[in-house]
Amino acid sequence: MPIDSPQPLTVPRFVAAKSRRERLAMLTAYDFLSAALLDSAGVDSILVGDTLGMVVQGRSTTLPVTLDEIIYHAEIVARAVRRALVVVDLPFLTYQVSREQAIANAGRILKETNAAAVKLEGGVNQAATIEALTRADIPVMAHVGLKPQSVRKLGSMSRIQRDEEQLIADAKAAEEAGAFSIVLEMVSRPIAARITAELSIPTIGIGSGPECDGQVLVSSDMLGLTEGFEPKFLKRYANLAEMIRTAASEYVADVKGGTYPAAEHSHQ
Ligand code: KIV
């Protein structure tokens with residue numbers, strides 16, 4: 001079944017898109033209305049990312065997001081979605097402590113939300129966990145390259161990852177451990193192209209060039225809601241921040257000037 005069929009997308013159909021050379025479009029969502037809109041626009045996969053920490057909670061990193069918080073948002077998003085594959089981030093320290101804890105926490109996500117899969121950051125260092133989750137029938141999307149949960153170790157969040165041997169080893173380890181797909185974040189274009197050619201699972205790029213099998217962006221970035229964030233890879237498809245500010249200031253002026261509500265907005 002082609003990827004653009006209206007049938008709900010499953011993990012096997014998502015994976016099969018690669019052999020059909022059909023590109024995959026993924027965006028983040030954290031609430032019901034946005035998820036329903038993105039789904040009806042034909043987005044193939046919706047990520048309930050731990051960028052929730054920044055976008056919804058106004059924090060400076062993803063680290064404080066808890067399992068309960070992501071489950072709360074994932075349940076809402078999955079309830080809104082009819083077709084897209086819903087993938088949910090495993091927050092920092094919900095899968096690194098032990099494999100048993102990773103299975104229990106990822107299992108809670110699948111049991112308490114209607115999501116299809118989880119995502120975790122890591123390649124070689126998380127291969128045993130990816131394998132344990134996959135053996136427990138929990139589909140895993142891996143995430144290599146820039147790993148925002150490693151921000152304390154890295155010190156910076158914007159560097160392009162160019163360690164070719166490490167990146168290829170990470171991507172291959174994730175695939176061999178059973179990951180059904182892999183996010184490549186801020187990987188240099190030639191390395192992302194090589195990984196995409198060498199893996200049989202779909203690669204989903206963010207800041208990693210056009211050769212990836214799919215792309216993911218944080219919705220609030222591509223919709224122009226987040227201001228002052230201008231990485232080279234980001235294309236803004238709308239300027240919602242400006243639209244909201246203009247609409248709200250017109251409303252303020254109308255209320256203060258007595259022009260809203262007008263007669264047509266009032267019950268006689
Ligand atoms: O948490 C998130 O939104 C992500 C994307 C940036 C890929 O991991």
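This is a predicted model: local features need pLDDT of at least 70, side-chain atom pairs count only at pLDDT 80 or more; totals for chains, interfaces and linings use all residues.
Close-up 1. For the side chain of Thr51, the distance from a ligand oxygen to an N or O atom is 2.5 Å, and for the side chain of Asp50 it is 3.0 Å. On its own the ligand has 260 Å² of accessible area, and the protein covers 97% of that (Shrake-Rupley method, 1.4 Å probe).

**Close-up 2. Here's who surrounds the ligand.** The shell includes Thr28, Leu47, Gly49, Lys119, His143, Ile206, Val216 and Val218; a residue gets in if one of its heavy atoms lies within 4 Å. Sorted by class, the shell has 4 nonpolar, 4 polar and 3 charged residues. Nonpolar here means Ala, Val, Leu, Ile, Met, Phe, Trp, Tyr, Cys and Pro, charged means Asp, Glu, Lys and Arg, and the others, Gly among them, count as polar.

**Close-up 3. Eight strands close up into a barrel.** The order is E1-E2-E3-E4-E5-E6-E7-E8, with parallel pairing. On average, neighbouring strands are turned by 25° against each other, direction ignored (axes are lines fitted to C-alpha atoms, for helices over the stretch in contact, and angles run from 0 to 180 degrees between N-to-C directions). Strands (E, at least two residues) and helices (H or I, at least four) are DSSP runs numbered from the N terminus.

**Close-up 4. Strand E8 pairs with both E1 and E7.** E1 (residues 24-28) and E8 (residues 214-217) run parallel over 4 bridges, while E7 (residues 203-206) and E8 share 2; pairing takes at least two DSSP bridges. Leu24 has Gly214 as its bridge partner, and Leu27 stands opposite Leu217.

**Close-up 5. Two backbone spots to look at: Pro261 and Arg21.** The peptide bond from Tyr260 to Pro261 is cis, with omega near 0°, and Pro261 is in the segment after helix H11 (240-257). Arg21 isn't a glycine, yet its phi is positive, near 60°; look for it in the loop between helix H1 (11-19) and E1.

**Notes.** Residues are numbered from 1 along each chain as its sequence is written, and side-chain values use heavy atoms, leaving out hydrogens and water. Local features need pLDDT of at least 70 and side-chain atom pairs count only at pLDDT 80 or more, but totals for chains, interfaces and linings use all residues.

Conventions:
A polar contact is a pair of N or O atoms within 3.5 Å; within protein, one must be able to donate a hydrogen and the other to accept it, and residues adjacent in sequence count only if both atoms are side-chain atoms.
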